[in-house]
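Biologist: I am new to this structure, and I would like to learn how its features are read. Could you take me through a few of them, giving the general idea before the case?

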Amino acid sequence: MKLKNLVTTIREDWIAHNRDWTLPGFRALAYYRFGNWRMGIKSKIVRAPFSLLYRFLYRRARNLYGIELPYSAKIGQHVVIEHQHGIVIHGNAKIGDYCIIRQGVTIGNRSMTAVQDAPRLGTNVNVGAGAKLLGRITIGNNVNIGANAVLLEDVPSDQSVAGIPARLIKRS
């Protein structure tokens, strides 16, 4: 990713966060985008200071804002992290465009025997506060996930789920 593309992508994230650069969700995404950008620098010696800066920023987002978003995750465009604290996103997770993630959300693996398994979210997924998406599951497009839902299975597109474990509910 070129520096121009990095700036354009961060600007799109800023717009998606209502043009408020002070929001922790925007900052965490900007740090994430920077982390991805620095991996495009071929020379390890040139990349080293950028990697140190990224590690500092990553830890700042994790420790100060409570948003754990490693550069290895795949995050689409116009994703909004609406609230801070308690957000953990697995390094192998894939989150599509126009998704909303709220506080207390975990998008991660399900067991220590499958540590690389992570959820894949489609576009326009609305993840409620406290929801847990665990394991190698696929969430379709235009899905609403209720607050505190625990998802352990795939969810087809255009559905709403809620509960522990999460079940399909009627969409209004």
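**Reading a predicted model**

Modeller: Let us begin with histidine 17, whose place is in the loop between helix H1 (3–16) and H2, where helices (H or I, at least four residues) and strands (E, at least two) are DSSP runs, numbered from the N terminus. This is a predicted model, in which local features need pLDDT of at least 70 and side-chain atom pairs count only at pLDDT 80 or more, while totals for chains, interfaces and linings use all residues. Residues are numbered from 1 along each chain as its sequence is written, and side-chain values use heavy atoms, with hydrogens and water left out.

Biologist: Is histidine 17 buried or exposed?

Modeller: Buried means under 20% relative accessible area, exposed over 50%, and partly exposed in between (1.4 Å probe, protein chains only). Histidine 17 counts as buried because its relative accessibility is 2%.

Biologist: Which residues is histidine 17 in contact with, leaving aside its neighbours within four places in sequence?

Modeller: Contact means heavy atoms within 4.5 Å. With those neighbours left aside, histidine 17 is in contact with Leu23, Gly25, Phe26, Leu29, Val79, Val80 and Ile81. Its side chain also reaches the backbone nitrogen of isoleucine 81 at 3.2 Å.

Biologist: How is the packing of two helices described?

Modeller: The description uses the angle between their axes and the distance between the axes. Axes are lines fitted to C-alpha atoms, for helices over the stretch in contact, and angles run from 0 to 180 degrees between N-to-C directions. Here, helix H2 (residues 24–38) and helix H3 (residues 44–65) pack at about 155°, with their axes 9 Å apart. H2 and H3 are therefore roughly antiparallel to each other, given that angles under 35 degrees count as roughly parallel, over 145 as roughly antiparallel, 65 to 115 as roughly perpendicular and the rest as oblique.

Biologist: What should I look for in the backbone?

Modeller: Most residues other than glycine have a negative phi, and most peptide bonds are trans. Asparagine 148, although not a glycine, has a positive phi of about 65°, and it is found in the loop between strand S12 (144–145) and strand S13 (150–151). Aspartate 158, also not a glycine, has a positive phi of about 60°, and its place is in the loop between S13 and S14.

Biologist: Which peptide bond is cis?

Modeller: The bond from isoleucine 164 to proline 165 is cis, with omega near -10°. Proline 165 lies in the loop between strand S14 (160–162) and strand S15 (167–169).

Key: A polar contact is a pair of N or O atoms within 3.5 Å; within protein, one must be able to donate a hydrogen and the other to accept it, and residues adjacent in sequence count only if both atoms are side-chain atoms.
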